[in-house]
Amino acid sequence: MGERTGQGVPGGRRRRRVGRRRSRAALAVVTAAVLGTAGCDAVGGDSPGPSPSASKRPSPSPAWDTSPDSVAAVGDSITRGFDACAVLSDCPEVSWATGSSTEVDSLAVRLLGKAAAAERSWNYAVTGARMADLTGQVTRAAARKPELVAVMAGANDACRATTSAMTSVADFRDRFEEAMGTLRRKLPEAQVYVASIPDLKRLWSQGRTNALGKQVWKLGICPSMLGDADSLDAAATLRRNTVRDRVEDYNEVLREVCAKDRLCRTDGGAVHEYRFGTDQLSRWDWFHPSVDGQARLAEIAYRAVTAKQP
């Protein structure tokens with residue numbers, strides 16, 4: 001019994017070693033196969049067919065066209081050139097968006113040339129319009145099938161009789177989304193340029209130095225900001241700061257809503273940040289842009305529309 005046991009042990013060990021070697025070899029084959037598969041997935045592999053995830057990728061959005069062939073403008077008094085040529089009057093020929101004036105060199109003229117702009121640009125802005133009016137303007141503009149729609153609206157939502165009468169931020173958002181939705185349903189491939197709202201407090205600080213301008217303000221121009229123009233007490237300061245903050249909130253809405261649309265660009269806040277000086281303000285009301293101010297707005301718009309990247 002003792003000798004058989006001694007002789008049987010080496011044989012059993014050899015069988016176990018062979019079994020372990022076979023197990024390790026099999027494990028190595030399986031591991032190599034798994035790692036090889038993982039390695040192909042990580043680098044894309046050389047499989048002839050697309051992966052399931054690749055087949056579900058959305059098609060690329062149309063590229064922004066830096067040279068649209070037609071322009072329609074919507075908005076308020078600024079886009080109508082109000083008080084740029086005569087007191088309390090529209091002057092659309094100097095509009096930053098579609099005007100024909102050589103002093104302004106409007107967005108449409110810069111994009112299309114003067115002759116073509118006369119035939120393929122349209123101004124549907126209305127002095128006094130608020131964001132709630134934009135859908136109607138967009139509907140009229142869409143009938144022309146413009147390739148670019150230029151928007152500057154929102155100042156009148158802040159320019160109310162009192163700060164409590166200003167359009168709420170939620171309503172402002174709803175009305176802008178409504179206008180953009182209408183535009184997309186009617187013109188799914190049209191591009192949209194959205195200008196920010198100017199810094200109304202900056203305009204007050206410039207215009208309050210002019211006696212004539214302040215008299216015109218009393219006729220009802222932006223009373224929430226311009227009323228009691230020379231007062232610097234706490235109540236007046238709070239009122240103006242409330243208007244300033246609301247305009248900043250509106251501009252944030254314009255950015256956010258535009259960012260959701262694949263063919264919409266804003267000016268990146270350039271109009272709001274632009275420091276209008278006395279040369280850029282109407283010589284009648286010292287609040288609306290002058291001819292020179294309209295030219296500056298046209299420059300900002302043209303840079304945004306023709307930039308390769310927004």
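Colleague: Cys85 first: buried, partly exposed or exposed?
Modeller: Partly exposed, because the relative accessible area of Cys85 is 35% (buried is under 20%, exposed over 50%, partly exposed in between, with a 1.4 Å probe and protein chains only). This is a predicted model, where local features need pLDDT of at least 70 and side-chain atom pairs pLDDT 80 or more, while totals for chains, interfaces and linings use all residues. Residues are numbered from 1 along each chain as its sequence is written, and side-chain values use heavy atoms, without hydrogens and water.

Colleague: Which cysteine does a disulfide join to Cys85?
Modeller: Cys91, at 1.9 Å from S to S (a disulfide is a pair of cysteine sulfur atoms within 2.5 Å). Cys91 counts as buried because its relative accessibility is 2%. The link of Cys85 and Cys91 is left-handed, with -70° about the S-S bond.

Colleague: How many disulfides in total, and in what pattern?
Modeller: The count is 3 disulfides. Counting bonded cysteines along the chain, the pattern is 1-2, 3-4, 5-6.

Colleague: What about Cys159?
Modeller: A disulfide joins Cys159 to Cys222, with an S to S distance of 2.0 Å. The torsion about their S-S bond is about -80°, so this disulfide is left-handed. The two cysteines lie 63 residues apart, Cys159 in the loop between α6 and α7 and Cys222 in the loop between α9 and α10 (helices are DSSP runs of H or I, at least four residues, and strands runs of E, at least two, numbered from the N terminus). Cys159 is buried at 11% relative accessible area, and Cys222 is buried at 4%.

Colleague: And Cys258, left-handed or right-handed?
Modeller: The disulfide of Cys258 and Cys264 has a torsion of about -115°, so it is left-handed. Both cysteines are buried.

Colleague: Changing topic: how do α7 and α11 pack?
Modeller: Helix α7 (residues 169–186) and helix α11 (residues 234–259) pack at an angle of about 35°, axes 10 Å apart (axes are lines fitted to C-alpha atoms over the stretch in contact, with angles from 0 to 180 degrees between N-to-C directions). Among the residues making the contact are Phe172 and Met180 of α7, and Tyr250 and Cys258 of α11 (contact is heavy atoms within 4.5 Å).

Colleague: Phe172 and Tyr250: stacked or edge-to-face?
Modeller: Stacked, 4.1 Å centre to centre with 10° between the planes (rings of Phe, Tyr and Trp, its six-membered ring, pair if their centres lie within 6.5 Å; planes under 30 degrees apart are stacked, over 60 edge-to-face, the rest tilted). Phe172 and Tyr250 are both buried.
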